[in-house]
Amino acid sequence: MSTKAFQTQLSQVILKRAQSELGEDEDRRQQVIAIVKKLMTQQPHLQRIRLDEYSIICFARGCKYSLEKIKIKIDLQFTLRTALPEFFSGWDPMKPRIQDALACGSFLPLLDYDQHDRKVIIMRPGCFDPMLFKPEDIDKANFMISDTMGREDEQMFVTGMVIIVDVQGFSLNHLTQKPLALFKKQMYFLQSAPISPKTINFIRTNSVFHSAYNMVTNMLNDKMKQRLKVHGSDFQSLYKEIDRRILPKDYGGDGLSLAELTDLWKQKVEEQRDSLMESERNLRVDESRRPGKAKTAQDIFGIEGSFRKLNID
């Protein structure tokens, strides 16, 4: 990862919002960078990680500059990256299986922000044939897109993000082909990210979705449950939550189509190939050097992947 000094690219409007909502200014940014760098050199299991200043600021903003939360999230984020090779190993976007997964368009950030300046991300769990794709490959491609997005979108760590889950095409085969333990691990990791979604909006839902909905909500803490909104086929309801103008043409908006977004993000990930492969090598904890007991996947996820809720926001 880059070691260059952090220089914000935010507009003055968003910087003022960071100041009013997060208490951020240049002195505080430099202070938290110095503290986190020192902290990581003092933790033997984190010393191999070269976290750049931009990433430190992203964690700081997502944690509202709470040093305790920053410490917890950084440790947890990279502990999980190490404990989840099914998601974070083999990060070469040019591998044929990953190329095919990227071409599905399962995870598509929009280019414009909504009426509240939030990032909007479309997730499409039913857009691929579950009999032809391994769920790990789809998830791996999605995480690559997410990492690529985070590296180029500083604003979202101040203004937040919202998610649209388009359930069209989601079938019983999608539900049965993805092991429950794998799904739980994915949900666990998502809750360890620097920021969590302001709302999660489900559209084009079907009977299979409703069967899975309770399973999903049981894996979320109460705060996250309150952010779920089921719009079904009512796009007018969705437009009240997210500015119609920025949505894809497929949803009645003026933005790029789902197909165009798929091609765009596939290309972006390919262009970040070297950085993604480097992150696989370097963003790992060294469990043999962790103070106290090393953490195994069983320690984190429990026996056979039983889920432990996170209460970190």
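One cavity of 30 Å³ or more is counted in this predicted model. A cavity is a set of points on a 1 Å grid over the protein atoms alone where a 1.4 Å probe fits but cannot get out. The model is predicted, so local features need pLDDT of at least 70 and side-chain atom pairs count only at pLDDT 80 or more, while totals for chains, interfaces and linings use all residues. Residues are numbered from 1 along each chain as its sequence is written, and side-chain values use heavy atoms, with hydrogens and water left out.

**Cavity**

- The largest cavity holds about 30 Å³ of space. A volume is the space filled by probe spheres set on the grid points, which are joined across faces, edges and corners.
- Leu39, Gln43, Leu46, Lys71 and Asp75 line this cavity. Lining residues have an atom within 4 Å of a point.
- By class, the cavity lining has two nonpolar, one polar and two charged residues. Ala, Val, Leu, Ile, Met, Phe, Trp, Tyr, Cys and Pro count as nonpolar, Asp, Glu, Lys and Arg as charged, and the others, Gly among them, as polar.

**Second largest pocket**

- The second largest pocket has a volume of about 350 Å³. A pocket is an open set of points with protein on both sides within 12 Å along at least five of seven lines.
- Its lining has 19 residues, and Arg61, Gly62, Lys64, Ile195 and Lys198 are the closest to the pocket centre.
- Helix H1 (12–22), helix H3 (53–62) and helix H8 (156–159) each give two or more residues to that lining. Helices (H or I, at least four residues) and strands (E, at least two) are DSSP runs, numbered from the N terminus.
- The pocket lining splits into six nonpolar, four polar and nine charged residues.
- Lys64 sits in the loop between H3 and H4. Lys64 is exposed, at 61% relative accessible area. Exposed means over 50%, buried under 20%, and partly exposed in between (1.4 Å probe, protein chains only).
- Lys64 and Ala18 are 46 residues apart in sequence, yet 9.4 Å apart in space, C-alpha to C-alpha.

**Buried residues**

- Ile70 belongs to helix H4 (residues 67–83). Its relative accessible area is 1%, so Ile70 is buried.
- Not counting residues up to four places away in sequence, Ile70 touches Val32, Val36, Phe59, Ala60, Cys63 and Tyr65. Contact means heavy atoms within 4.5 Å.
- His45 is placed in the loop between helix H2 (26–42) and H3. His45 is buried too, with 1% relative accessible area.
- The side chains of His45 and Arg290 form a polar contact of 3.3 Å. Such a contact is a pair of N or O atoms within 3.5 Å; within protein, one must be able to donate a hydrogen and the other to accept it, and residues adjacent in sequence count only if both atoms are side-chain atoms.
- Beyond four places in sequence, His45 contacts Asp75, Val285, Asp286, Arg289, Arg290 and Pro291. Asp75 is also one of the residues lining the largest cavity.
- His231 lies in strand S5 (residues 228–232) and is buried at 9% relative accessibility.
- A polar contact of 2.7 Å links the side chains of His231 and Ser237.

**Confidence**

- The chain averages a pLDDT of 91, and 95% of the residues score at least 70. pLDDT is the predictor's confidence in each residue, from 0 to 100.
- Residues 303–307 have a pLDDT below 50; this stretch has ten contacts in the model beyond near neighbours in sequence.
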